[in-house]
Amino acid sequence: MTIGILKETGAENRVAILPGEVAVLKKMGIEVLVEFHAGESAFADDKLYQAAGALTLERKEVIARSEMLLAVNPPLHDDIALFREGQVICSVLNPVENSKWLEEARKQGISVLALDLVPRTTRAQSMDILSSMATVSGYKAVLEAASLLPRFFPMFMSAAGTIKPARVLILGAGVAGLQAIAVARKLGAIVEVFDVRSAVKEEVKSLGGKFIEVEGAKEDAAAGGYAVEQTEEFKKKQQELIQQRAIAADVVICTAQIPGRKAPVLLLGETINEMKPGSVIVDLAASTGGNCELTQNGKNVVVNGVNIIGKSDYPSEMPTDASKMYGCNIINLLKIMVDKNGNLVLNMMDDIIHGTTAVHGKEYISQRVKQMLNIN
Ligand code: NAD
């Protein structure tokens with residue numbers, strides 16, 4: 001098989017595969033073509049790709065000569081006519097946002113593998129791009145908050161007096177939240193955490209965070225380890241407790257999400273008015289509405305002297321390691337899709353391949369895509 005690595009468009013700095021991972025693909029018997037300057041924003045120039053055994057070419061050539069194309073974001077509308085029936089595109093998809101493009105791809109007989117649909121099973125853990133990117137986001141969110149905060153994170157006992165440690169409140173202890181706890185603790189902050197899943201309590205404690213329990217949280221074993229919508233009574237109780245802890249905090253990192261829904265609003269506008277001026281909120285749930293009522297996606301706003309950062313593109317700001325993790329996840333996925341001669345075999349009986357394939361053979365395949373797009 002020949003795989004093509006596309007250069008990202010727009011403000012994206014990551015690349016799907018770095019030169020280090022090209023060498024792994026070559027060992028699997030795969031030929032690798034790379035679009036000119038594909039890795040430049042991730043500090044990998046064409047010479048490094050060539051040294052790893054890839055051929056660097058113009059975009060059109062890469063598309064024309066590859067069976068499978070790898071990208072971070074879907075290569076959208078302008079390119080669709082360049083692809084041909086039977087070709088496979090593999091990227092993060094955001095199926096709802098890109099439903100028209102996906103429908104075009106389906107009609108053209110292109111197969112689309114959506115890396116954001118990799119099932120969250122133990123076997124698929126090493127292929128889980130969402131977890132990898134959440135790790136980057138949780139880390140960067142704390143660093144950004146620390147650099148904006150007009151105070152230290154750690155406690156200091158100095159000749160100039162004692163400096164109290166910063167207080168960090170973390171809403172949601174999934175992959176991003178747990179990473180944020182670890183980084184904030186390493187920097188010396190006192191960390192308090194809210195989540196609705198009791199299973200994370202021990203993990204939070206083992207990282208040195210204090211888990212604040214709100215009684216009456218609804219959990220559903222059928223949700224596969226994810227959070228579910230809470231009752232109105234619980235939401236009210238939780239909001240009151242969060243309000244108290246946010247007023248005492250210097251930093252709030254928001255990561256709470258419910259799959260397929262708008263993010264839960266946990267921090268109300270009135271709470272911001274009572275928070276300490278100079279404090280910082282980083283809302284990683286911004287793209288799905290935010291956990292803070294005043295968050296604006298993609299923007300930094302200041303209310304009552306509180307910085308509210310609505311950012312969801314931290315992985316692009318750390319392109320070297322984010323691309324490395326992305327590429328390793330793809331290679332782990334390819335290992336179950338490529339035979340010993342390096343040929344692609346899309347076995348739809350495999351739950352990971354079935355769950356990740358958005359369209360194939362002019363049909364919608366993944367159950368989750370069908371649900372998201374209301375297709376029977
Ligand atoms: P996520 O991004 O879906 O949500 C972040 C966190 O927000 C979750 O912990 C959730 O419980 C919490 N949350 C939701 N509503 C909330 C509310 N009202 N108040 C407070 N917190 C709220 O989470 P994620 O990082 O995708 O992880 C979710 C689960 O899936 C975890 O148990 C994780 O370990 C698991 N997971 C498993 C795999 C795998 O097995 N392959 C991969 C990734 C994640």
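**Figure 1. Ile63 is buried in the predicted model, with a relative accessible area of 0%.** The model shown in this and the following views is predicted, not experimental. Ile63 sits in helix α3, which covers residues 59–65. Setting aside residues up to four places away in sequence, Ile63 touches Leu6, Leu69, Asp79, Leu82, Phe83, Arg84 and Gln87. Because its relative accessible area of 0% falls under 20%, Ile63 counts as buried.

Figure 2. The C-alpha trace spans about 65 × 50 × 35 Å along its principal axes. Of the 376 residues, 51% are buried. Among contacts between residues at least 6 apart in sequence, 64% join residues at least 24 apart. The accessible surface comes to about 17200 Å², and carbon and sulfur atoms account for 52% of that area. There are 40 positive and 44 negative side chains in the protein chain, and the centres of these two sets lie 3 Å apart.

**Figure 3. Ala358 is located in strand β16, residues 357–360.** With a relative accessibility of 0%, Ala358 counts as buried. Not counting residues up to four places away in sequence, Ala358 touches Leu93, Leu102, Val112, Ala114, Glu363, Tyr364, Ile365, Ser366 and Val369. For scale, Ser312 is 46 residues from Ala358 along the chain, and 24 Å separates their C-alpha atoms.

**Figure 4. Phe152 and Phe156 form an aromatic pair.** The count of aromatic pairs in the model comes to one. The ring centres of Phe152 and Phe156 are 4.4 Å apart and the ring planes meet at 70°, so the pair is edge-to-face. The cut-off behind this assignment is a plane angle over 60 degrees. Both residues have some accessible area: Phe152 counts as partly exposed at 44% relative accessibility, and Phe156 counts as partly exposed at 34%.

**Figure 5. Phe43 has a positive phi of about 65° although it is not a glycine.** Most residues other than glycine have a negative phi. Phe43 belongs to the loop between β2 (31–35) and α2 (46–51). The relative accessible area of Phe43 is 67%, so this residue is classed as exposed; the cut-off for that class is over 50%.

**Figure 6. Asn304 is a residue other than glycine with a positive phi, near 55°.** Asn304 is found in the loop that runs between β14 (300–303) and β15 (306–309). At 33% relative accessibility, Asn304 counts as partly exposed.

**Figure 7. Lys299 lies in the loop between β13 (280–283) and β14.** Lys299 is partly exposed, and its relative accessible area is 46%. When residues up to four places away in sequence are not counted, Lys299 touches Ile308, Ile309 and Gly310. Lys311 is twelve residues from Lys299 along the chain, and the C-alpha atoms of these two lysines are separated by 6.9 Å.

**Figure 8. Asp128 lies in the loop between β6 (111–114) and α5 (129–148).** Although placed in a loop, Asp128 counts as buried, at 7% relative accessibility. Leaving aside neighbours within four places in sequence, Asp128 is in contact with Arg120 and Asn329. Gln296 is 168 residues from Asp128 along the chain, and their C-alpha atoms are separated by 28 Å.

Technical notes. Residues numbered from 1 in each chain as written. Predicted model: local features only at pLDDT ≥ 70, side-chain atom pairs only at ≥ 80, totals over all residues. Heavy atoms only, no water. Buried < 20%, exposed > 50% of the residue type's maximum accessible area, 1.4 Å probe, protein only. Contact = heavy atoms within 4.5 Å. Areas by Shrake-Rupley, 256 points an atom, 1.4 Å probe, with all protein chains shown as cover. Lys, Arg positive; Asp, Glu negative; His and termini not counted. Charge placed at Lys NZ, Arg CZ, Asp CG, Glu CD. Helix = DSSP H or I, 4+ residues; strand = E, 2+ residues; numbered from the N terminus. Phe/Tyr/Trp six-rings, centres within 6.5 Å; stacked < 30°, edge-to-face > 60°.
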